[in-house]
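Hi everyone, thanks for coming along. Let me put the structure up on the screen, and then we can walk through it together.

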Amino acid sequence: MDKILLIGKRDEDTSSINKNLSGSYSIQLCSKHPEDIKAIMETVKPDLVIICNAGNGDTGIIGWLMETHQELPVLAVTTADGWKECMDCFQGEKYDKLFLPAGKNSLLAKCQHMLKKDVNKNSTDTTSSTGKKKILIVDDSPLVLRSIKSLLEQEYDVIAAMSGQQALDTIVTEKPDLILLDYEMPVMSGKTVFEMIKKDENIKDIPVIFLTGISDKKIIYSILQLNPADYILKPPDTKKLLNTINRVLQS
């Protein structure tokens, strides 16, 4: 399944694009913060980038993508005014635009054209086309994301999120088979994310393994009180990580 990095604010337009494409592509959400984009790009290695509501404030992002990922197609989904602000950056056959509101068929056709691959437009199955189990890693550290992804990607389809809110958005659309969730995250902690998952009838049964870099007994006790599928200390031992994931997925 081709991977699309969807860059945008958490708003109705971004949510609509995510929903319309999630059945045919693996969607990775990302904020417009440059450091988040750079970290996710290294971790996910997308086949296509979509910038929602592209405009003047995104010229730095576009310039960086053009400089560092010259062969990567980039699609601006924006308004007529937004396009006027950034159109000079979109030069070349790897770059294209689509005006809002972008319907599902238009989005799929444009992505298909830019990726030059056939897409089943009626697909609603979010299961990996490779037949592999899908694992979501949630951690605010790009280093941790890259490290764990490299350990798992041969056996599993791996997606990533760098914040609690990004994780919740991704879980709803991607329906992973398992979540590796950092317990100590800023803004929205792993504990809060876990509690929100368990309150949602559609995703509450997805098993969660907590990741923690603190071996303090009080922290471990707090984790166990939540009754997750398991917990793993960071940096994870490769054998223990794989064995734990395998056991939880088979339970």
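Packing here is judged by contact, meaning heavy atoms within 4.5 Å. Helices (H or I, at least four residues) and strands (E, at least two) are DSSP runs, numbered from the N terminus.

Before going further, a word on what you are looking at. This is a predicted model, where local features need pLDDT of at least 70 and side-chain atom pairs count only at pLDDT 80 or more, while totals for chains, interfaces and linings use all residues. Residues are numbered from 1 along each chain as its sequence is written, and side-chain values use heavy atoms, with hydrogens and water left out.

Back to H2, then. Buried means under 20% relative accessible area, exposed means over 50%, and partly exposed is in between, with a 1.4 Å probe and protein chains only. Just after H2, have a look at lysine 45, which takes a positive phi of about 55 degrees.

Now zoom out with me. The protein has 10 helices and 10 strands. Its radius of gyration is 18 Å, close to the 18 Å that the globule rule gives for 251 residues, so the protein is as compact as a globular protein of that length. That radius is taken over C-alpha atoms, and the rule is 2.2 Å times the number of residues to the power 0.38. The C-alpha atoms fill a box of roughly 55 × 35 × 30 Å along the principal axes. Of the 251 residues, 48% count as buried. Among contacts with a separation of 6 or more, 59% come from residues 24 or more positions apart.

S4, residues 74–78, has five of its five residues buried, so S4 is largely enclosed by the rest of the structure. In a regular strand the side chains alternate between the two faces of the sheet. Here both faces are covered: Val74, Ala76 and Thr78 are buried on one side, and Leu75 and Val77 are buried on the other.

Who is the neighbour? Strand S3, residues 48–52, runs parallel to S4 and is joined to it by four bridges. For pairing, DSSP has to find at least two bridges between two strands. Across that pair, valine 49 stands opposite valine 74.

Staying in S3, we come to isoleucine 50. Is isoleucine 50 buried or exposed? Isoleucine 50 is buried, with a relative accessible area of 0%. Leaving out residues up to four places away in sequence, isoleucine 50 touches Ile4, Leu5, Leu6, Ile7, Leu21, Leu75, Val77 and Cys111.

Threonine 14 sits in helix H1, residues 12–21, and is buried at a relative accessible area of 7%. With residues up to four places away not counted, threonine 14 touches Leu6, Gly8, Lys9 and Cys52. Threonine 238, in helix H10, residues 238–250, is partly exposed at 36% relative accessible area. Where does leucine 151 lie relative to threonine 238? The two are 87 residues apart in sequence and 7.1 Å apart in space, C-alpha to C-alpha.
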